[in-house]
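Reader: Hi! Could you walk me through this one? I have a few quick questions.

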Amino acid sequence: MDMPQPNARIIARKSSILALLSQVLPPDAVIGDPAETRAYECDALAAYRCQPLAVVLPRTTEEVSAVLRICHAEGVPVVPRGAGTSLAGGSMPTEDAVVMGLARMTRVIETDYENRFIHVETGRTNLSVTQAVEAEGFFYAPDPSSQLACAIGGNIGMNSGGAHCLKYGVTTNNLLGVRMVLMDGTVTTIGGPWDEPGSLDLLGVVCGSEGQLGVVTEAWLRILPKPEGARPVLVGFAENEVAGACVADIIRAGVLPVAIEFMDRPCIEATEAFAKAGYPDCEALLIIEVEGSEAEIAEQLAKIKEIALRHNPVEFREAQDEDQARRIWLGRKSAFGAMGQINDYMCLDGTIPVSSLPYVLRRIGEMSAEFGLGVGNVFHAGDGNMHPLILYNANKPGDLALCEAFGAEILKLCVEVGGCLTGEHGVGIEKRDLMVVQFAPVDLEAQMRVKDVFDPQWLLNPAKVFPLAVSAGRRDAVTTGPGASPRTPGIFEDRKCQA
Amino acid sequence: MQTHFTEAQLADPGVARANEILRSCVHCGFCTATCPTYQVLGDELDSPRGRIYLIKDMLEAGRPADAQTVKHVDRCLSCLSCMTTCPSGVHYMHLVDHARVHIEKTYRRPWVDRMLRNVLAFVLPHPGRMRLALLGAKIIRPFRRLLPDARLRAMVEMAPKTIPPVSRNDDPQVFAATAPRRMRVALLTGCAQKALNTDINDATIRLLRRLGCEVVVAKGQGCCGALTHHMGKEDQAHSAAAANIHAWMAERRGAGLDAVVINTSGCGTTVKDYGHMFRNDPLAADAAEIAGLAKDISEVLAQIGLPQGAPREMRVAYHAACSLQHGQQIKSAPKDLLKRVGYEVVEPADSHLCCGSAGTYNLLQPEISAQLKARKLATLEAKAPQVIAAGNIGCMMQLGSGASVPVVHTVELLDWATGGPMPRALHESA
Ligand SMILES: Cc1cc2nc3c(=O)[nH]c(=O)nc-3n(C[C@H](O)[C@H](O)[C@H](O)COP(=O)(O)OP(=O)(O)OC[C@H]3O[C@@H](n4cnc5c(N)ncnc54)[C@H](O)[C@@H]3O)c2cc1C
Ligand code: SF4
Ligand code: SF4
């Protein structure tokens with residue numbers, strides 16, 4: 001993966017930069033020893049790595065602001081990092097960058113059940129948000145498979161989704177407001193627990209901005225009352241096409257399950273070998289979950305069953321109790337781990353219209369043969385979000401390049417059939433150079449102008465999202481080093497960011 | 001993950017195993033979420049994924065361990081919560097064990113560290129020396145604030161106020177079953193445990209006999225090797241383990257042995273891993289056989305079955321020792337047994353988190369340990385129990401030094417409910 005030349009002047013000034021950072025942070029919050037910074041060189045896309053200049057671990061918004069002010073004045077790039085579970089290399093640093101890890105900012109600031117929101121610091125993990133409110137019968141809806149570990153800050157960065165987002169929407173649909181620190185240290189609040197009619201939807205701009213616009217330190221999130229009950233069914237099919245058609249029919253019939261998950265044969269086999277969930281031996285299977293009262297569940301399941309049976313499934317399994325429900329989900333939840341047992345994998349994330357699912361799966365199968373690399377598909381089928389997992393051997397020279405080429409072809413295929421490059425994992429470094437496949441130059445220019453407004457020096461999360469060639473002019477234009485467009489030192493301000 | 005070992009490096013079986021483990025890690029980061037030290041410190045370097053990375057780097061470079069890597073590996077509790085969480089089956093335990101041996105061989109610790117570790121390795125595995133040390137600690141206790149090192153203070157503070165007399169039950173002998181005989185089992189009587197608390201073995205023996213087990217305290221057995229193993233002192237650990245293997249195999253080949261029963265779960269995890277420890281040793285087959293026979297007391301009791309008891313008016317907070325829940329993946333058996341004999345069983349929030357005892361950890365890393373202890377006590381006491389039960393002496397000492405209710409071993413409660421005496425800790429608090 002191409003990366004811009006690191007700024008040698010910054011690297012040469014490492015020790016003085018560390019000294020400045022140490023003035024505003026306690027000793028255990030500044031990491032500069034190369035033996036220690038190495039562990040921060042990548043996220044869950046471990047194929048791409050780059051050791052950062054330093055790592056800082058602030059505990060408060062004030063510390064975040066103080067660090068950013070220094071980095072801004074010194075022209076040092078900053079890479080925000082939540083839990084580092086990005087599959088797109090979103091939190092991979094550059095050699096001249098300071099990684100800003102937010103894992104120490106995990107407080108719950110306020111919960112308001114009457115008005116259904118929770119106010120948290122963004123280093124808090126997704127699952128622990130739900131854990132904080134579940135005793136009161138509430139939950140936070142977006143549920144990435146990585147929810148145990150991924151942080152709210154990363155979820156906002158990537159506008160993450162999950163299996164249950166078919167019904168509840170992704171992060172952006174559940175985010176009420178953020179407290180964000182701009183690159184120059186300005187602390188600003190966008191949105192909040194109360195509706196703000198009339199203002200520009202800046203929150204929508206921030207959510208999914210992949211750490212390009214500011215460091216989000218706090219968030220107000222919508223919490224929802226837990227549904228009375230939920231029940232999954234598992235349906236096995238002899239052909240991918242038929243499974244795809246079944247999904248399309250369910251959606252068309254107006255039934256709204258909370259989740260429709262799809263797994264193909266390679267994935268089913270890997271999962272069975274590893275997690276032994278007792279899945280049927282078939283080409284494709286769907287896990288469909290519905291929610292509500294007992295009567296609602298029964299009604300929806302009856303409809304789904306009727307539609308599914310029209311497609312001659314090889315198996316229709318309805319969970320009779322908690323344990324069976326758990327077993328139905330077990331395989332799906334173990335899918336990534338199971339594929340990882342076979343070989344290294346690269347997890348893609350493209351979105352396609354549900355109707356082209358059979359065609360896309362067939363093409364992926366053909367390409368798999370052409371490239372000579374195995375691939376398994378897990379898939380949020382309800383909203384057309386695909387996750388092909390390409391298997392390769394990281395220790396075999398040339399395999400990664402082959403895998404990348406294969407991945408690029410799959411993503412191009414997604415765009416070709418009317419879908420897009422990413423459903424929920426974001427662009428990061430992985431899909432950066434493919435942005436030109438989906439966006440015309442004017443589109444990219446418009447997106448870059450948004451970044452110009454928030455981060456005029458282009459210091460935040462460098463070399464991501466925008467193809468290097470496209471952003472070159474902007475990145476080169478900013479003069480770096482001491483004295484470059486210094487920020488007038490002002491009082492610590494917390495102002496509304498308004499258009 | 002990609003690794004960069006040379007063929008020559010891979011010829012070393014330890015490195016080969018490390019490579020296998022590193023290759024199976026996909027760097028997903030799930031394990032960070034349930035790691036106690038990451039919860040407390042919030043630095044990836046103090047998380048499993050970070051440690052795996054540090055270890056990978058150290059081993060690949062084939063260089064001596066550096067101070068930073070040692071610091072973060074030393075902070076690992078070996079609680080193995082990460083192994084329970086990992087969706088990819090990464091065997092962190094074997095990796096960190098290997099790293100500790102590498103550290104011990106290539107890194108020269110500051111002399112205070114070295115002295116403390118050597119003292120612990122000299123004292124803990126030997127009940128006689130341990131008793132002397134406890135006595136010493138008792139004498140120093142009033143002056144502990146004068147000690148120059150937080151770790152020394154922690155050691156003195158940890159020592160119990162009363163030191164039990166030697167129990168003759170721990171001598172080599174055979175206890176006949178007091179009910180029709182169903183099994184013949186060896187009991188690992190332990191090392192440090194014997195000096196700290198003799199009630200656990202006494203209760204275990206009574207209970208097993210009552211259930212039809214002939215209980216053997218085999219001649220020649222001693223410390224399981226875990227304490228020194230976790231300090232990377234490979235040779236000491238191996239010779240302790242080998243002595244046990246010889247002792248138990250002699251019984252197995254003699255009068256026969258259906259199980260090796262262990263009531264200190266920290267030891268259980270290690271004995272169950274003897275097969276791996278000796279995989280390249282002439283003792284391999286015997287070691288694997290013993291590992292297969294090793295059972296936690298709760299496993300054996302679940303297998304034999306306890307009589308159903310009438311409800312008892314006692315709420316027990318069950319503290320899951322990491323070596324049981326993560327190391328041996330024994331989660332429900334102890335709770336089921338307690339419920340079966342009539343106790344009300346409650347569990348604290350975040351039960352997967354370690355209490356900070358972790359073998360010698362509370363002595364060597366007192367600050368982190370104290371934070372974990374405080375968290376654990378708060379979650380346990382939130383359940384308003386009358387007694388706390390755990391299956392590991394380390395946890396019992398750790399929690400007992402701060403809990404407002406008595407802390408006992410699970411077997412003591414089971415023994416009491418099935419005809420044995422009331423546990424001493426309950427007596428004393430009554
Ligand atoms: C096994 C596995 C399964 C996954 N399943 C899903 C899934 O089902 N759905 C899904 O959507 N994703 C999934 N992911 C991807 C990943 O977990 C998400 O992208 C997640 O939101 C990343 O969160 P994080 O805290 O780890 O962020 P990081 O990886 O640390 O960062 C992600 C991005 O957000 C930015 N960022 C982080 N924190 C902040 C902040 N405070 N302010 C500004 N920018 C910030 C970073 O710079 C980076 O660009 C999965 C990942 C793995 C490994
Ligand atoms: S959970 Fe397992 S695979 Fe994932 S980073 Fe941790 S050890 Fe590696
Ligand atoms: S063994 Fe425990 S302390 Fe060590 S890395 Fe794993 S979870 Fe963390």
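This is a predicted model: local features need pLDDT of at least 70, side-chain atom pairs count only at pLDDT 80 or more; totals for chains, interfaces and linings use all residues.

Reader: Thanks! And which residues are the closest to ligand 2?
Author: Out of 13 residues that surround ligand 2, the closest are B:C25, B:C28, B:G29, B:C31 and B:C86. The space that ligand 2 takes up is the largest cavity.

Reader: Nice. What about ligand 3, which residues surround that one?
Author: Among them are the cysteines B:C35, B:C76, B:C79 and B:C82, along with B:P36, B:P48, B:R51 and B:Y92. By class, the shell around ligand 3 divides into 9 nonpolar, 2 polar and 1 charged.

Reader: Which helices of chain B each supply at least two residues of that shell around ligand 3?
Author: Helix 4 (48-61) and helix 6 (81-85) of chain B do.

Reader: Switching to sheets. What is the strand order of the open sheet of 5 strands in chain B?
Author: The order is 1-3-2-4-5, and the pairing is mixed. Strand 1 (173-175) and strand 5 (294-296) of chain B are the edge strands; each has a single partner strand, so one side of each has no neighbour in the sheet. From one strand to the next, the twist averages 30°.

Reader: Do strand 2 and strand 4 of chain B pair in the parallel or antiparallel sense?
Author: Parallel: strand 2 (residues 183-188) and strand 4 (residues 259-262) of chain B pair that way over 4 bridges. As an example, B:V185 has B:A259 in strand 4 of chain B as its bridge partner.

Reader: Which strands of chain B does helix 14 lie across?
Author: Helix 14 (residues 234-253) of chain B lies across strand 2, strand 3 (213-217) and strand 4, and runs at about 165° to strand 2 of chain B. Helix 17 (residues 284-293) of chain B lies across strand 4 and strand 5, at about 25° to strand 5 of chain B.

Reader: Great. Over to chain A: what order do the 4 strands of the open sheet have?
Author: There the order is 1-2-4-3, with mixed pairing. Strand 1 (30-31) and strand 3 (78-81) of chain A stand at the edges with a single partner strand each, so one side of each is left without a neighbour in the sheet.

Reader: And how many bridges join strand 1 of chain A to strand 2?
Author: There are 2 bridges between strand 1 of chain A and strand 2 (residues 54-56) of chain A, and these strands run antiparallel. In strand 2 of chain A, A:V55 is the bridge partner of A:I31.

Note on methods:
Residues are numbered from 1 along each chain as its sequence is written. Chains are lettered from A and ligands numbered from 1 in the order in which they are written. Side-chain values use heavy atoms; hydrogens and water are left out. Two strands pair if DSSP finds at least two bridges between them. Axes are lines fitted to C-alpha atoms, for helices over the stretch in contact, and angles run from 0 to 180 degrees between N-to-C directions. Contact means heavy atoms within 4.5 Å. A residue is near a molecule or strand if one of its heavy atoms lies within 4 Å of it. On a 1 Å grid over the protein atoms alone, a cavity is a set of points where a 1.4 Å probe fits but cannot get out, and a pocket is an open set with protein on both sides within 12 Å along at least five of seven lines; lining residues have an atom within 4 Å of a point. A molecule sits in a cavity or pocket if more than half of its atoms lie within 2 Å of its grid points. Ala, Val, Leu, Ile, Met, Phe, Trp, Tyr, Cys and Pro count as nonpolar, Asp, Glu, Lys and Arg as charged, and the others, Gly among them, as polar.
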